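Please look over the model below. We will walk through its chain contacts, then through one residue.

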Amino acid sequence: MSADVDRVLEREHVAGDRGAMTPALYRVVERIRETDDVTTLCLEPLSGTRMEFRPGQFNMLSAFGAGEAAISLSGSPRDPGPLRHTVRDVGPVTRTLSESGVGDLIGVRGPFGSDWQVGTQHLAGDALDRRDVVVVAGGIGLAPLRGAVDELVVASREGGGRVFLLVGAREPAQIVFNDDLESWARQGARVLVSVDRASSQWHGRVGLVTALLGDAGFEPANCRALLCGPEIMMRFTARALVDMGVDPEAILVSLERNMQCGLGWCGHCQLGPFLLCRDGPVLPYAGVVRELLNERER
Amino acid sequence: MTSSIAELVAAHPFMAGLSDDHLAVIVGCARNAAFDPGDLLCKEGASADTFYLLRRGRVSIDVHAPGRGPIVIETVGPGDVVGWSWLVPPYRWTFDARAKDAVGAVAFDGACLRTKLQDDPAFGLEMLSRVSSQLLARLQATRMRLLDLYGDHRER
Amino acid sequence: MKRRPVTRRVPSGARVRHCLRGLIVVADDPGSAAAATVRVGDQFVMTVAGLELLIARLAQLGYEVKGPVVRGGAVVPGIVASAAELPVGKRDEQSPGQYRLRDSGDGKFFSWAVGPGSWKAEFFPPVQEVWRARRDGDLLHFRETSAGPAPLAIVGARPCEIAAMEVQDKVLKDGAHRDPVYGDRREGAFIVVVECGFPASTCFCASMGTGPGIERGFDLALTEIDDADGHRFLGRVGTESACTALAGITYGPVSDADVEARVQVLEESSHRISRALDTDGLADVLVRNLDHPRWAEVAERCLSCANCTMVCPTCFCSDIRDVSDLAGGLERRRLWSSCFDLDHSYLHGGAVRQSVSSRYRQWMTHKLSTWWDQFDTSGCVGCGRCIAWCPVGIDITEEASVIAASDGAAATSDETKGGVA
């Protein structure tokens, strides 16, 4: 199998011309250091227009020479600016991505996966979803939710449901997107933040994020929930919500497994009946997912 | 010669000082229990219907997470008690409890205990005082552990 | 979806009339007799010499002709330039953890079942370059690998292997993303399937509806017959490509006796199949027995060596690796991997499936249960390779039947024990 097709840069973005495993070339136009191990990279394509995506989806980012990793899209689709990805340094590929500088070339494949269902395409006719929305984010889990919260806050001001954002972090220095938290609060969202361990400068709440559910103020019988964070956190939070009376069908979680191709070919992202790159990462909590979260070594 | 259930219950530190009347009440809910290493006494999410007094062997309280295996939260041993969720709705275990050695315990049926606590207020108060004092001790110890006393505490 | 094995009796009379239409007189010299055309659906009789002609014709048409050959004491895929290179006079004896290739004492080409290698490696190679990139200033130029100039012809695939290719098609070709190398190679391939007359004791294709006979999914199907009327093949034309390959080659007419002989071969073959898998409700049974004690028991035997996934014709897991060289070049490779590898499920610093029991459970529940959820088909075609090539002889059919027979055993092991101390 030695015959090759020469792909020249300028032809790359013609529709259908680029193979599913070949990255499109983007350049870093801005990098934001969120915490000591979390970085946001803002990317612009070398040619053509920025890709369309929905909050909750992810891209496979290539750090050329190091490899490829699944990274959440943390931007808002309605924001016309560069494509935002928020990366946590947990290995060689994410380390290289985190250390990318402005002007560096990054490969992008995607967007892949299911989304948080907060865009206008999820409205039935002209009906706005007026249910309360409870968004619970643990640690870096706020990154795949950021675009969704943007959409929800805007929808809320146009008659959509009230937005309740509960954020948990290990300690104050680990809280991401502080400016956005303030902005969303100013736009009418109820934003509660809690840390597991305080610092001397912290005057906010200290305790588990689930402890915020009690006085958040949403109506359990008339709400939907979006959860993202460590699996234990999502499992316990979902249970607490159900105990409060939230319909399990109204809870979405974002699941994570080893991801290598994003195309449903490599088999790594399997979780029971699902291929998370295709059927997830966002999945409804009810039924199969609820059982899966309770199973060990699945 | 094997001890009777009543003797085993009376010998356990959790029951120290319990009157003979109250001992008779509680023994009605008790049976012997034995576990092999690796057996689960409690499984996260399953219905919590047993209260254990550990007599022999160690038990780890742990929680499972993908990629991290079972994470041990705490270990308990002879003289300790395992299982509190039988007391509080929705009566479901929050964590796993796993036998680390061959474990011998006295197991109390949770529903039976709850009925007796309600039927006999004096007995109920006696038991809840003991439970409260155990929970308080565990809570304070857990809070101390949150301080991460041995860690690097330079603030960044 | 499950396909029923071929055991129907062909009514004589009507069928034969259909078969006789469009058939031509046999000749060893293809240029001499007047050649008529065959059409899709036709049957014909081919001699051993005819098989030789077919192989040569496929090479002339530009195919890279491959088929089963004997190498290292086993039947494996290889280049075939003539019929003599096929496994003539060989019989395989297979059982859990055992494979032996012996002389059959007859002159048949296909009196064996399956060997360790499957045709999966032809469409989905164990190591594949996906693309190669080189730097140009601070830009990158990509060169994507394509399917290659010569299409593949397989002479001598087994019915279960066709079924396996169709299972892999759902993953790599017919899903949301089409692998162009796999897809082009699959669509360009010419496949001659030979129905099975001598299943091994490890075969359970009949349970999976994938054999020993076959009705569709091939360009040409052959059934080897060796009886009083001679050593010959009953052929069936599956596609227009087959008509093209057969054009100008002359074959014999099909008689009632020939058709009956094929039915005999398939019936005897079905009777030889001794292993079975009861698939009725199996997918549900497995996923509701995730804590069954049998998983721990099989884990005491399983070496987690991944042999089963390597020989399995449907397993598709792969690793994606980027490799760079000192000259500034970059290559993305796809390599076969296995869910038995400890790092297959690597996440957040460790493997999700750390225990051997969880990995065996993953493989078996995927193969027989969650494959249905993911791809709307079973992942197993009943070829039995995993049974023969497991070093400790673990038998997937036995594991499934033990769990099904003690469905719910998990429930009691979940509950807390309370025996007398």
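How many residues of chain B are in contact with residues of chain A? The count is 11 residues of chain B, touching 11 residues of chain A. Contact here means that two C-beta atoms, placed from the backbone, lie within 7 Å. Strand β4 (residues 59-65) of chain B gives the largest share of that side, 3 residues. Helices (H or I, at least four residues) and strands (E, at least two) are DSSP runs, numbered from the N terminus. By class, the chain B side has 5 nonpolar, 2 polar and 4 charged residues. Ala, Val, Leu, Ile, Met, Phe, Trp, Tyr, Cys and Pro count as nonpolar; Asp, Glu, Lys and Arg count as charged; the others, Gly among them, count as polar.

This is a predicted model: local features need pLDDT of at least 70, side-chain atom pairs count only at pLDDT 80 or more, and totals for chains, interfaces and linings use all residues. Residues are numbered from 1 along each chain as its sequence is written, while chains are lettered from A and ligands numbered from 1 in the order in which they are written.

Now turn to chain C. Here 45 residues of chain C are in contact with 37 residues of chain A. The largest share of the chain C side, 7 residues, comes from β7(C). This side has 20 nonpolar, 16 polar and 9 charged residues.

Finally, find C:Glu195. It sits in the loop between β9 (190-194) and α6 (205-208) of chain C. Why is C:Glu195 classed as buried? Because 24 other C-beta atoms lie within 10 Å. The cut-offs are 20 or more for buried, 12 or fewer for exposed, and partly exposed in between, with C-beta atoms placed from the backbone. Beyond its neighbours within four places in sequence, C:Glu195 is in contact with residues including C:Pro159, C:Ile214 and C:Leu266.
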